[in-house]
Amino acid sequence: MRMKGILLVIVAIVLCVISYVFLHSNYAGYMMLIFAIAAVVLFMGVGMIITGGSPEKMYEATVKDILVTFDSILIKNNEIPKIDGRNVIFVQSIDDLVDAQLEIRKPICYFKQSESCSFVLLDDKEAYVYIEKLNDDVVSPLEIAIKDEKIKNKNKTDMDAEMLKDIEKTTIVKLSNQKSYKISPVRKKEKPKDEIELLDVI
């Protein structure tokens, strides 16, 4: 990123020289256009050099850009958004999350930390998630909450399976999902003795 910034500054200098040459030739009208392009390129280059100095600055610049660009559909949370009981869907980019927001028509909640910023779009049954991180090694508080929720749900499922395993007669069972079920065990049919003897002979 910093190298691109240096290249843009060099291009801006070259454009300024060309603009100066045009000032003293028959193409003086083009001088202002080239000078304006040089100024924009120089501004971009200096910006890249400043933000490209460290990963922290790049992370802060990216998050700030997202917050400014999508300010009208974002809501700041002071704590991790609750995703209990929802199917969590991770999206690849903030643009994908914004596309989903256009369909659902609900605001995107964000929770900013020093090393990560989590963006969550909550629907009735789904939670669409995008996380901007300082680097790939960072684990955000939202990711920890999602893992904890999965572990909690897995334990409930294991309890339900254990409870159903030893049922010998028809019974009504209320599972952790608060639904009741009538359960009947499946019994294997015993083969008649004549059939068993015939199989043994063959």
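These are my notebook entries on a few spots I looked up in this predicted model.

**Entry 1: Asn77**

I started in the loop between strand E1 (74-76) and strand E2 (87-90), where Asn77 is found. Is Asn77 buried or exposed? I noted 19% relative accessibility for Asn77, so Asn77 counts as buried, the cut-off being under 20%. Leaving out residues up to four places away in sequence, I found Asn77 touching Cys109, Tyr110 and Phe111.

**Entry 2: helix H4**

Next I turned to H4, which spans residues 94-104. I listed Ile94, Leu97, Val98, Ala100, Gln101 and Ile104 as buried there. They cover an arc of only 160 degrees around the axis, so they sit on the same side of H4. What do the buried residues of H4 pack against? My list has helix H3 (55-69), together with strand E3 (108-112), strand E4 (116-122) and strand E5 (126-133).

**Entry 3: aromatic rings**

I then looked for ring pairs, and the structure holds two. I also noted one aromatic cluster, formed by Tyr110, Phe119 and Tyr130. Tyr110 was already in my notes as a contact of Asn77.

**Entry 4: cysteines**

How many disulfides are there? My count, with sulfur atoms required to lie within 2.5 Å, came to zero. I checked the surroundings of two cysteines as well. Cys117 has a relative accessible area of 0%, so I put Cys117 down as buried. For Cys16 I have 33% relative accessibility, and therefore Cys16 counts as partly exposed.

Conventions:
Residues are numbered from 1 along each chain as its sequence is written. This is a predicted model: local features need pLDDT of at least 70, side-chain atom pairs count only at pLDDT 80 or more; totals for chains, interfaces and linings use all residues. Side-chain values use heavy atoms; hydrogens and water are left out. Helices (H or I, at least four residues) and strands (E, at least two) are DSSP runs, numbered from the N terminus. Buried means under 20% relative accessible area, exposed over 50%, partly exposed in between (1.4 Å probe, protein chains only). Contact means heavy atoms within 4.5 Å. The arc is that of the directions from the helix axis to the C-beta atoms. Rings of Phe, Tyr and Trp (its six-membered ring) pair if their centres lie within 6.5 Å; planes under 30 degrees apart count as stacked, over 60 as edge-to-face and the rest as tilted.
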